[in-house]
Amino acid sequence: MSRLRTSIAVFAMLALLSACASSTVVRTPPRGKPSVSRPVAPPKPGSSALIHKGDTLYRIATTHGVSPLDLAMWNRVPPPYTIYPGQRLRLTAPDARRNEPPRNDPSRSTPPPKPPATRPPTGASPPVTPPVIPSAPKPPPAVPPEAAFNWRWPADGAIVARFAAGDPTRQGVDIAGKSGSPVRAAADGVVVYSGAGLVGYGELIIVKHSEQWLSAYGHNRARLVNEGQRVKAGDQIAEMGRSGAARDMLHFEIRYNGKPQDPLLALPKR
């Protein structure tokens, strides 16, 4: 099951591939500024979308403000990630509705307060205040265990964008730098993807570090490793660039069982 979850995470990261990317070193000239998208409110827990003719996984994800990676994983869309008219895709995590009581379940709803008992009109009586029913505390968010290895910084430079939970456009950190600066593996692992097929990431590399942990490196100018290649922490795997971005930078993500984590909580302080 752990290998299946990792495979789903890896394959979902490669969703939207329109063609097989070359596994050799690729250099991409600077591109123009990408279009600026307006922020979209996250969907409500339990919501879904009905697929119409012409829809794609990427279009549904961006329209509803979710990550294409998450959308593929939540709905177990297998390669080659084809969706069909009439199909319905969930827009939130499968367990998002478990924390909410069913709409028609009277046992899970809070009964209305009883009206104050009436007394004979023998005199004025003080108003009766219904008791305050405290709400159940929300469980703290699940924190993944620490990795069995040490992470290291994948590039030098200032942080220009930070991780924001629930924001599909900020599922990692952006590290500014100069074009051609080295991009290094954050830990030992195997390259499971090297290509430019995932919209929004430019020239992308994904490294698998264990059955649970992955790291992703986007917007590179050049990819220097091939799929299936083993790398050591600190090995240069790419050159920094701006493919799919407005400036030279590295977009870096860490994922645990496919779920994005804040890299600044894993990387050493500097």
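**Reading strand β8 and its surroundings**

Author: Strand β8 runs antiparallel to strand β11 (residues 249-256), and six bridges join the two. The model is predicted, so to speak of a local feature takes pLDDT of at least 70 and a side-chain atom pair counts only at pLDDT 80 or more, while totals for chains, interfaces and linings use all residues. Residues are numbered from 1 along each chain as its sequence is written, and side-chain values use heavy atoms, with hydrogens and water left out.

Reader: What is a strand, and when do two strands pair?

Author: Strands are DSSP runs of E with at least two residues, and helices are runs of H or I with at least four; both are numbered from the N terminus. Two strands pair if DSSP finds at least two bridges between them.

Reader: Which residue of β8 does E203 stand opposite?

Author: E203 stands opposite N220. Strand β7 (residues 203-208) pairs with β8 in the antiparallel sense over five bridges. The two form a hairpin, with four residues between them.

Reader: In what sense do β8 and strand β10 pair?

Author: The sense is antiparallel, over three bridges, and β10 spans residues 236-240. Here R223 stands opposite A238 of β10.

Reader: How many residues of β8 are buried?

Author: Buried means under 20% relative accessible area, exposed means over 50%, and partly exposed lies in between (1.4 Å probe, protein chains only). In β8 (residues 213-223), 10 of the 11 residues are buried.

Reader: Which residues touch the most other members of the largest nonpolar core?

Author: In soluble globular proteins, nonpolar side chains tend to be buried together. A nonpolar core is a set of buried Ala, Val, Leu, Ile, Met, Phe, Trp, Tyr and Cys residues joined through side-chain atoms within 4.5 Å. The largest one has 26 residues, and W151, I205, Y217, I237, L250 and F252 touch the most other members. Elements giving two or more residues to this core are β4 (173-176), β7, β8, β10 and β11. The largest share, four residues, is that of β11. Another core, of 12 residues, lies apart from it and includes A61, V77, I83 and L89.

Reader: Why does G172 count as buried?

Author: G172 counts as buried because its relative accessibility is 2%. G172 sits in the loop between β3 (159-161) and β4.

Reader: Which residues does G172 touch?

Author: Contact means heavy atoms within 4.5 Å. Not counting residues up to four places away in sequence, G172 touches A161, R162, F163, H251, F252, E253 and P263. H251 is 79 residues from G172 along the chain, yet their C-alpha atoms are separated by 6.7 Å.
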